[in-house]
Amino acid sequence: MKIPDRMVIVNVGARIFYDTAISQKADAVHVNWRPTIKLEKDLEAILRRIGG
Amino acid sequence: MKKGFFRDSVQMMLLTQELKRDGGLMDAAIVMGTTLNKDTLMRCGLLTHEGEKAGESDTIISITCADQPSLKTALERAEALLSRNPEQTKSDFSNVESALNASRGTTVATLSIPGQFVKEVASKMIEKNLHVFVFSDHVPLKDEIDLKVAAVKNNLLFMGPEAGTSIINGTVLGFGNLIRKGNIGIIGASGTGIQESSTLLHLCGSGISHAIGVGGRDMNKEVNGIMTLQAITALEEDQNTNAIMVVSKPVDSKMRDKIVNVVMKRSMKKYVFCFIGDSERLEDTKEVRYARSIQSSVLRILELVDKPRFEASRRRFEREAKASIGFANNLSETLITRQNYVRGLFAGGTLCYESKAILEEILGPVFSNLSANSRFHLQGRDESRKNTLIDFGEGEFTLARPHPIIDPSFRIERLMQEARDPSVGVIILDLIAGYGVSKDSIELFSRAISEAIETAGKANRTLPIFLYVCGTEGEISPSDIDSLRDSGAQVFTSNALMALTAGLVLRKPHRHLLRRLANDYLGVDIK
C-alpha cells in the first residue's frame, strides 16, 4: 500500500475543494457533477415497450 | 420547485445564506429534493405540498415570510440567485469520465456530492485505482463498507465519508492547515481532531508526514475499523513516518482493543492512541502509549520521537497550565453567586467531546447534543440546561447551510442568547482556521464576543469568554489574536487547556484531582 508521492486531484462536487487544491499549487481538475436524471416510471415503461 | 435543476450543496448553502442576508423573510432553505432534505424541511416547518413531490434531481426553494408581497419579492430574488451561472475555468468538466481522460496521472479523487450518489461515483474511482477522499455525509453505511472493502482490495485509501480533512504529502484535502513536514503520521476518525493534533505538533516545532482522515464511523463495530487498519498499513510502509498518532471520538472498547492488538502484533513503529472520552485507564507498552486528550497525545508522541522538542514543549505547556490555573482562581472571584454554569458552542465535534470529558470530571454530568445518556441529551436547538455543550457540526444545524467552520452565524446567535442568561459563568468556543475558512470569522467573532460581554456588563455581570483558536501562523496572524483579545476573549493554545480552565473557574477541585487532570489532559505535572 503506497501513499501517493504526487497529488493529481479530480474534484467532484463542491468547487471550494478544487479552489483549496489549486491554492496549494496541486494539479487538479473539477467536475461540475449533477445527479443522473431518473426517468418517470411511465416514460420508462413506454421506452421499454418501443425498445428504447 | 425547479425540475431537473442542480447545484452542488455548498453552492446551495451559500445561495440560501445570500437570500437570508437580503432580509424581508423569516426562514428559507434552498436544497435538492432528497428524502433526507425533505425530512429536515418538514421538521423545520419548511416543506410544502409542492416540495413533497420534488425528486432527487429537483431543487426546492422554501421560504417563510410574514406576508404575500415579501414572499413574492423573496421568490424572485431566489430565482435570480439560482439563474446566476457558477464560475467556470478551463479545468472544468461536465462528467467524471471526461475529467479522468483529460487528466493524466490522477492519483486522488475528492468527492462532495449528496451521500446517496457517492457509491456510484466512488466505485468508478476505485476501479481506476484512485485514492478517494469523501467529504459528503449521509452515505449509507452499507455503501461505506462496500467501498472500503473494494478500496482495500485495490490497495487504496478511502478517506471518509464525512472526512473533514486529510493531508497527503503536504497537500490538504478538505479543510485543514498549513503544517510543516515531519516524521509523525496521524490517523483520525475525526476532522478537527486531526486539525488540532497537526497544528499543535506544528506549534511545538515538529511536523507531519501524512494525516489520514478515515471518517467518523470507521471505528464503529459495523465498519470494523477497515480504513484505520489500512491507514496503519500505509503509514507502516511509509519511509517518511517514524511514529503514528491515532485520534478518535469515543469508540467501542472491543474495536479499540482490536486495533491496538493489530498494532502490537505487527508494528515496526511507535504509536500513541487517543480515544477521546474513553474512561478506561490503559497501561502503556513499549510500542503503544495512550493519551486522554489531543494535547497530551502530542506531548507523548514527541517524547517518543524527539526528546529535545518534547522537553521544550512540556515546559511551555506546564507554564501555560500554571498560568491558567492562577487565572481561573482570580476570575472565579469576579463572578456573582448565580453564575454557576459553563456553556460550550463548538464547530468541531471532537473538540466538543474532549471538553465534555474534561468538564464532567470537574463539574459532573454535562448536557449535550452529543450525550449518549438520554438523561443528559439535548437537541442542539433546545435551550441550554445547567452545564451545556453543543456541537454545531451535527446534522440538525447543517441543512442548507455551510458547516459552522465556514459559517459561524448560528453559533454567534447562540452566543448572544447565552450571554443574556444570568446563570452562565463562562462560555467556551472553538475557532478553526485554515483552508476553506473565511478570514471574516475573526472579525465576526471579535465583534460578537465584545457585544456579548457588553450585554452581560449591562446586567452587572462579568462574562468570561474563552476561545481555542486552531491554526498555524500562516492562517492566524498575531494581529488576529490581538483583535480577539481586544474583544475581551481569553485565547488558548489548546482545547483541553481551555476546557480545564473553564471548569476551574466554576469549581475548585481538590489538589490531588487537579494534579491528575493536568497530567491526564494537558500531559504536564503541576506539582
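1. Start with helix α7 of chain B, where B:E144, B:L147, B:K148 and B:A151 are buried. Buried here stands for 20 or more other C-beta atoms within 10 Å of a residue's own, exposed for 12 or fewer and partly exposed for anything in between, with C-beta atoms placed from the backbone. Looking down the axis of α7(B), these buried residues fall within an arc of 100°, so they line one face of the helix. That arc is taken from the directions from the helix axis to the C-beta atoms.

2. A word on what you're looking at: this is a predicted model, with local features needing pLDDT of at least 70 and side-chain atom pairs counting only at pLDDT 80 or more, while totals for chains, interfaces and linings use all residues. Residues are numbered from 1 along each chain as its sequence is written, and chains are lettered from A and ligands numbered from 1 in the order in which they are written.

3. What does the buried side of α7(B) pack against? Its partners are α6 (118-127), β5 (131-134), β6 (158-159) and α9 (226-237) of chain B. On the other side of the helix, B:K142 and B:K153 are exposed.

4. Just past the end of α7(B), have a look at B:N155, which takes a positive phi of about 60°.

5. Zooming out, chain B has 18 helices and 19 strands; these are DSSP runs (helices H or I, at least four residues; strands E, at least two), numbered from the N terminus. Buried residues account for 51% of the 527 residues in chain B. Its C-alpha atoms fill a box of roughly 65 × 60 × 45 Å along the principal axes.

How values were computed. Two residues are in contact if their C-beta atoms, placed from the backbone, lie within 7 Å.
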